[in-house]
Amino acid sequence: MCGIAGIINKNASFVNSKDIKKMTDIISHRGPDGEGHFVYKNIALGHRRLAILDLSPSGHQPMVNDDYVLVFNGEIYNYIEIKEKLKNIGYVFNTNSDTEVALKAFQEWGDKCVEEFNGMWSFAIYDKKHNKTFISRDRFGIKPFYYFNDDKTFYFGSEIKQILTFVENPKVNRQVLYDFLYLSYQHYDENTFFENIKSLRAGHNLYYNHETNKIEIKKYYTLKKEDNTYNSLEESVESYKTKFNNSINLRLRSDVKVGTCLSGGLDSSYVAKTASEKYINEDKFTAITAKSIDAKNDESHYAKIVADVYNLNWKITEPSNTDFFNALDDIIYNQEEPFGSPSIIMQYFVMKKAKEEGCIVMLDGQGGDETLLGYERYYIPYLNSIKNPIKRISEFRKLSKNSKLSLKQLLSYYLYFGIPKLREYFLIKKNNYILDKNKKYFNKKLVSEFKKSSKDLFALQEKELLELQLEKLLKFEDRNSMAHSIEARVPFLDYKLVECALAIPAKFKIKDGWSKYILRKSYGENAPKEIVWRKNKFGFEAPSKKWMSDKSLFFKTIKQSEFLNHVIKKDSALDDLEENTLWKLFNIAKWAEKFNVSY
């Protein structure tokens, strides 16, 4: 786990070594254990190291051999198995690192090497012989990769701020800004909040030809729909448990201490349970919980049940109002782009606590909801998939009984997400604080696209896993963890486990009105029922009402923002805005100020 950087000058002028060092210095938090640079004529590669596997100097990067130079961010969890395969072909290894395995896998299989990898990554390999650079990002975008490409230079890095070092007068990407304000969408394509700074999409490779200075981007990973793989609930549960166990085993591979995030919800509790049973260490397995100062959304009592049942070394962090405001500037700087609510800030404090406890690797539960139908919006295509109207009504009633939505709420949800025109009307009305001239940015195409996926469950899952939902959550997690030099690992996103979950029929994932039924059954008979059969969930939800109780600071920041003069009606009644909207505007104002972004 590390941070990478790259510069390619297109006019053949030599790269200044100070420039690549500048790019790696700015992400020292991603790699406090070492740095390295490769500079050759008009190309430079840089690296910051967070040592997880093979802590010796032999894992140093950039890793160079006769033909290739590699900078690598992430972990190839199945590196031991790949290493054995390569040894049988005749390769000799000098380190115990997954980095060397990645390099020699590319040497053997070329761009097909990523099909062998089970893990998370963004890396660049300069092919000296053919004068090309191969760049890849993992299947679900767990690890970030940003780039800027104009007629003079190609820059890339693990964080946007590395590129901003060379971009004068950064401008906002207006369409991304308004998709965020109107629809709460972000990271649904290659665009970022910064004009001309792009993100390599999850499951894509980028090929850079140094002779022509042309780039080509190709998708290498596609989710497959395999409905008929499992014929019974029992078979589905056993297969899912087996693959989840394999995922945990791989993600416990580490030469440093591993812990886990524990909200007390279904997903994080299952991770903690499974990992604690497998963790080989003289100490108890450490789990860290963020306790809310607002009793209404505090679920630490659930986390305590899990900690007691599975004999965990349980640690709590309880950020106060003062902690929130003291950390705010740092969090906005590290996130680099606006985010929709203060909820992700709780995760920041969990990672801070992990650092204090010496847990350099933390497991987390991202991906469970997207793969096992944990969100209420999945109910709409699930119900639409039931052809028999009487059975559909029956399932509707069961959902209202065993989910956190009442019958009335479920019906409202069904209408809101099922009728795009209705959704469009409410979204525009809700956001009437936006200047009328900016209504042209309302993205009707994105709203209509949801209509298609509201009738096709697989299409919605595919969209959420590869576009609309998951990548932004992974980005939040990457920034929160790496701000404290922590590697976050997400067992639910082992690609073999994801493919297993998608192949399980929906009737086994939502059963008798219970979402994520497969996971609930995977716990076993002795699991705490208070956890397994919970209807409500928070997931490190922030005490936003407490933190934002004094709205004067938020109003003042919004009203004084020169950037927001171009966006909202300043004479509108800010007092009437709902909490999340107020946060969004405040966050945008602070972000624009922090990064000196112009409209």
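This is a guided tour of selected places in a predicted model.

**Stop 1**

The structure contains 41 salt bridges. Begin by selecting Arg 48 and Glu 35, whose side chains meet in a salt bridge with an N to O distance of 3.7 Å. Arg 48 belongs to strand S3 (residues 43-49) and Glu 35 to strand S2 (residues 35-40), so the contact ties together parts that are 13 residues apart in sequence. Are the two partners buried or partly exposed? Arg 48 is buried, at a relative accessible area of 10%, whereas Glu 35 is partly exposed at 32%.

**Stop 1: a salt bridge within a helix**

Next, select Lys 304 and Asp 308. Their closest N and O atoms are 2.8 Å apart, and the two residues form a salt bridge. Both lie in helix H8 (residues 300-309), four residues apart, and are therefore separated by about one helical turn. An α-helix has 3.6 residues a turn, so residues three or four places apart point the same way. Lys 304 is partly exposed, with a relative accessibility of 41%.

**Stop 2: a further pair and a network**

Select Glu 115 and Lys 112 for another salt bridge between side chains, here at 3.8 Å from N to O. Glu 115 is partly exposed, at 45% relative accessibility.

Then select Arg 30, Lys 143, Glu 159, Lys 161, Glu 336, Asp 478 and Arg 479 together. Salt bridges link these residues in a network. Side chains of opposite charge can pair when their charged atoms come close.

**Stop 3**

Lys 437 sits in the loop between helix H15 (420-430) and helix H16 (444-453). Its relative accessibility is 58%, and Lys 437 therefore counts as exposed.

Now select Leu 411, Leu 415 and Ile 419. These residues form a nonpolar surface patch with about 240 Å² of accessible area together. Leu 415 is located in helix H14 (residues 407-418) and is partly exposed, at 38% relative accessibility.

**Stop 5**

Select residues 344-357 to display helix H10. The 14 residues of H10 reach 20 Å from the first C-alpha to the last, close to the 20 Å expected at 1.5 Å a residue. How many of the residues of H10 are buried? Ten of the 14 are, and H10 is mostly covered. Among the buried residues of H10 are Ile 344, Tyr 348, Phe 349 and Lys 353. Just after H10, select Gly 358, which has a positive phi of about 80 degrees.

Continue to helix H18 (470-482). The end C-alpha atoms of H18 are 18 Å apart, in agreement with the 18 Å that its 13 residues should span at 1.5 Å a residue. Why is H18 described as largely enclosed by the rest of the structure? The description applies because 13 of its 13 residues are buried.

**Stop 4: backbone features in loops**

Most residues other than glycine have a negative phi, and most peptide bonds are trans.

- Ser 485 lies in the loop between H18 and strand S17 (487-489). Ser 485 is buried, with a relative accessible area of 7%.
- Asn 196 lies in the loop between helix H5 (174-183) and strand S10 (197-199).
- Pro 62 lies in the loop between S3 and strand S4 (63-64).

**Stop 5: a buried asparagine**

Finally, select Asn 205 in strand S11 (residues 204-209). Asn 205 counts as buried, at 2% relative accessibility.

Technical notes: Residues are numbered from 1 along each chain as its sequence is written. This is a predicted model: local features need pLDDT of at least 70, side-chain atom pairs count only at pLDDT 80 or more; totals for chains, interfaces and linings use all residues. Side-chain values use heavy atoms; hydrogens and water are left out. Helices (H or I, at least four residues) and strands (E, at least two) are DSSP runs, numbered from the N terminus. Buried means under 20% relative accessible area, exposed over 50%, partly exposed in between (1.4 Å probe, protein chains only). A salt bridge is a side-chain nitrogen of Lys or Arg within 4 Å of a carboxyl oxygen of Asp or Glu. The expected span of a helix is 1.5 Å times one less than its number of residues. Patches are made of residues with over 30% relative accessible area and no salt bridge: like charges are joined within 9 Å, nonpolar side chains (Val, Leu, Ile, Met, Phe, Trp, Tyr) within 5 Å. Accessible areas come from the Shrake-Rupley method with a 1.4 Å probe; for residues, only the protein chains shown count as cover.
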